[in-house]
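Have a look at the model first.

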Amino acid sequence: SRPFIIVPIFMARKCFMVAPTPLLKSVLMDYVSKQNRAKWASMDSVARFGWSGSAVAGGVLVQYLGYGGTFYITAALQTVD
């Protein structure tokens, strides 16, 4: 594997994936009435919890492809997304 390629891709991916979360949460709460905020906040938490399933898929990919292959696949998927 080539860490000088994989590490910057991973760091850029992490920055781009995590950065909009507070903004999206703020916009969500701005447009939801006060009596429904708890319901929508919990739905948002459940949706984010669903991402934990991707950890299992990542583990399987690492087992078969190694870390390098997994990061290349992640980079490709993030580019398309």
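The expected span of a helix is 1.5 Å times one less than its number of residues. Keep that rule in mind for helix H4 of this predicted model, which covers residues 53–80. H4 has 28 residues, and a straight helix would reach 40 Å, yet the end C-alpha atoms of H4 are only 20 Å apart. H4 also has a kink of about 120°, centred on Leu65.

Here are the two spans side by side.

| Span for H4 | Value |
|---|---|
| Between its end C-alpha atoms | 20 Å |

Now zoom in on Gly59, which sits in H4. Is Gly59 buried or exposed, or something in between? Its relative accessible area is 37%, so Gly59 counts as partly exposed.

Other residues of H4 are buried, including Gly68, Thr70, Thr74 and Ala75. What covers the buried residues of H4? Part of the cover is helix H1, residues 3–18.

Two packed helices are described by the angle between their axes and the distance between the axes. For H1 and H4, the angle is about 40° and the axes are 10 Å apart. This angle makes H1 oblique to H4, and the crossing of the two helices is left-handed. On the H1 side, the contact is made by Ile5, Ile6, Ile9, Phe10, Arg13 and Met17. On the H4 side, Gly68, Phe71, Tyr72, Thr74, Ala75 and Gln78 take part.

Conventions: Residues numbered from 1 in each chain as written. Predicted model: local features only at pLDDT ≥ 70, side-chain atom pairs only at ≥ 80, totals over all residues. Heavy atoms only, no water. Helix = DSSP H or I, 4+ residues; strand = E, 2+ residues; numbered from the N terminus. Buried < 20%, exposed > 50% of the residue type's maximum accessible area, 1.4 Å probe, protein only. Bend = angle between axes of the 7 residues up to and from the residue. Contact = heavy atoms within 4.5 Å. Axes fitted to C-alpha atoms, helices over the stretch in contact; angles between N-to-C directions. Parallel < 35°, antiparallel > 145°, perpendicular 65-115°, else oblique. Left-handed = near helix turned anticlockwise from the far one by under 90°.
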